[in-house]
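Hi there,

Here is the structure I promised to pass on. Have a look at it first, and then read my notes below.

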Amino acid sequence: MISLSSSLSYASLLSALPLPELQFPHLDVSATAADIPLAEGKVRSAKKTEKMESFRNVKIWVLLIFVAFVQLGQGFYLPGSYPHKYGIGDYLNMKVNSLTSIDTEIPFSYYSLPFCPPKEGIKDSAENLGELLMGDRIENSPYRFKMYTNESDIFLCQTKPLSAEEFKLLKKRIDEMYQVNVILDNLPAIRYTKKDGFMLRWTGYPVGVKVQDAYYVFNHLKFMVLVHKYEDNVARVMGTGDAAEVIPTIGNAGSNVPGYMVVGFEVVPCSFQHNADLLKNLNMYDKYPNPINCDPGMVAMAIKENEPLAFTYEVTFVESDIKWPSRWDAYLKMEGSKVHWFSILNSLMVITFLAGIVLVIFLRTVRRDLTRYEELDKEAQAQMNEELSGWKLVVGDVFRAPTNPSLLCVMVGDGVQILGMAVVTILFAALGFMSPASRGTLITGMLFFYMILGIAAGYVAVRLWRTILGGANKGWFSVAWRVACFFPGISFLILTTLNFLLWGSMSTGAIPFSLFVVLILLWFCISVPLTLVGGFFGARAPHIEYPVRTNQIPREIPAQKYPSWLLVLGAGTLPFGTLFIELFFIMSSIWMGRDWRWWWKSFFASGSVAIYIFLYSVNYLIFDLKSLSGPVSATLYLGYSLFMVLAIMLATGTVGFLSSFWFVHYLFSSVKLD
């Protein structure tokens with residue numbers, strides 16, 4: 001969004017710049033033959049002048065584009081992140097999200113527990129595809145505040161006497177460490193706690209706490225809303241709810257009305273025992289007669305069967321120096337939200353260093369071998385082929401078609417699709433288009449990019465298929481169709497199985513049936529057609545020509561010292577620091593043992609890292625997630641881990657296969673054969 005003053009500055013800048021006119025000094029229709037030498041000199045001079053003018057014009061337009069981007073950066077907001085102006089006394093409605101727990105990882109609806117419902121009834125907020133898949137269920141709540149108006153001891157409601165089932169469920173949720181998640185102006189509530197002299201930040205607050213054998217509920221909430229004066233030079237945002245209407249403030253008479261933006265939201269939960277006699281004649285939003293002392297270190301409201309619960313709250317507004325673009329900084333500084341740059345850079349440097357050593361040694365060896373080979377005449381080369389062992393012996397078999405070539409093409413195509421989705425998603429996230437201010441955009445973006453990149457998956461798979469067949473188009477449609485159904489089909493099978501478990505638990509994490517229908521329609525109406533289109537282009541593209549011919553009779557493969565599957569599994573330990581040793585054995589097995597069956601090995605050698613990731617996931621479940629309770633939670637954990645591992649195997653396997661294919665093609669294209 002660019003203001004009027006910015007547009008005027010553009011106009012003044014453009015008028016001040018000496019933009020060139022279209023002139024043609026070297027064209028003169030009245031020139032004669034005697035003027036040709038002089039005209040040629042003028043042409044050369046004019047060309048030099050034009051080059052200088054063109055270079056100067058390029059610099060001018062680069063400057064203009066740079067200024068435009070600077071101005072856009074000052075006035076542009078990402079979708080869903082517009083500031084909302086609240087006047088003094090305007091109502092701020094707090095919303096509630098699903099109850100979550102690190103103990104079970106199964107979300108439940110806020111109103112599944114005996115909390116106070118709003119007067120107008122429970123209403124769901126508009127949610128995107130990513131929020132639904134993540135298990136978020138955002139609903140309205142009875143909590144409401146007035147901008148810049150401090151209120152205390154506000155009575156909310158008194159529930160009915162707890163039934164045996166409600167009493168049992170409430171105790172279970174407290175034992176399972178469930179957290180209540182509330183939202184104000186798209187900001188989750190932050191709770192501060194002290195531990196070992198350090199201040200820790202958490203989102204949400206616990207349902208209750210167990211002290212000895214008694215259970216206590218947090219029934220009084222102390223809110224603090226951090227506000228910042230609205231900046232009139234940006235825009236005036238009008239309207240309520242999730243949607244906002246942005247109107248420029250220039251020339252608007254109402255722009256001087258004082259307003260504030262919400263830049264922080266904090267909560268302190270307390271357990272307070274109310275006087276039952278004082279609650280009898282109170283209505284919602286009435287003031288509790290006695291002052292409420294909110295002490296988070298004390299608990300008083302014990303839950304008992306056949307006894308009601310009373311809920312109250314208070315709110316304080318504090319003007320803060322935090323500006324609106326920086327209001328999410330507190331969430332990014334939470335424990336677990338920080339990026340471990342040192343660990344990441346350390347791992348990348350170690351892997352890059354080891355891979356570089358192996359690559360240099362391998363290339364020097366191959367280059368020296370090729371130099372010796374090319375210096376010999378044809379008779380000496382033939383004699384050398386008969387006497388020496390090594391990669392040159394498989395020159396007539398190295399491009400022999402692998403077993404199950406269609407499955408290999410399908411897995412490589414799906415790997416390209418997953419890898420491309422990851423790269424594009426990371427790029428857009430780094431540019432700020434998937435900020436935490438827009439919940440669900442990360443999952444939604446991943447699904448969108450995955451569907452769009454189906455065209456790349458179909459293209460790579462079909463072109464690889466035609467390359468293996470020597471350029472034939474037979475069966476390309478079947479390959480493209482399998483690419484469109486292989487990974488999504490397995491994913492739907494896993495998610496459907498896990499969804500039945502979530503349905504049985506009445507969790508908000510269960511995908512609704514209507515959303516299942518939407519996902520299937522997206523699959524067959526967008527992803528499948530794009531994959532088939534990519535396959536069509538792959539069928540029309542020229543196949544990759546092999547540099548050497550393949551013999552009709554395959555060369556006999558001698559017995560190997562180590563089984564191939566053992567070496568393939570060993571290659572998966574490369575990211576864990578044994579890159580050089582394992583890669584040496586892999587290359588020795590492929591090139592020094594006369595083994596020309598490299599297609600599947602190159603895929604699973606790099607894809608086998610997924611096995612170690614899955615084993616580590618199991619180890620993490622057994623030794624680190626000891627608090628994870630119930631077989632349903634463990635099954636969900638293993639199911640999602642299996643889904644993640646399958647995607648990692650396809651992506652890393654594709655990288656290994658394409659790298660090996662390029663290397664083999666480059667290596668044998670250097671061999672001179674008749």
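A residue is called buried when its relative accessible area is under 20%, exposed when that area is over 50%, and partly exposed in between. Please keep in mind that this is a predicted model.

With those cut-offs, asparagine 186 has a relative accessible area of 21%, so this residue is partly exposed. You will find asparagine 186 in the loop between strand E6 (182-184) and strand E7 (187-188). Its phi is near 70 degrees, which is positive even though the residue is not a glycine.

Tyrosine 285 also has a positive phi without being a glycine, at about 80 degrees. This tyrosine sits in the loop between strand E16 (259-270) and strand E17 (310-319). Tyrosine 285 counts as partly exposed because its relative accessibility is 21%.

Now for the inside. The largest nonpolar core has 57 residues, and those touching the most other members are Phe145, Phe223, Val225, Phe265 and Ile303.

Finally, how many of the nine residues of helix H15 (residues 599-607) are buried? Seven are, so the helix is largely enclosed by the rest of the structure. The buried ones are Trp599, Trp600, Lys601, Ser602, Phe603, Ala605 and Gly607.

Enjoy exploring!

Best wishes

Terms used: Residues numbered from 1 in each chain as written. Predicted model: local features only at pLDDT ≥ 70, side-chain atom pairs only at ≥ 80, totals over all residues. Heavy atoms only, no water. Core = buried A, V, L, I, M, F, W, Y, C linked by side-chain atoms within 4.5 Å. Buried < 20%, exposed > 50% of the residue type's maximum accessible area, 1.4 Å probe, protein only. Helix = DSSP H or I, 4+ residues; strand = E, 2+ residues; numbered from the N terminus.
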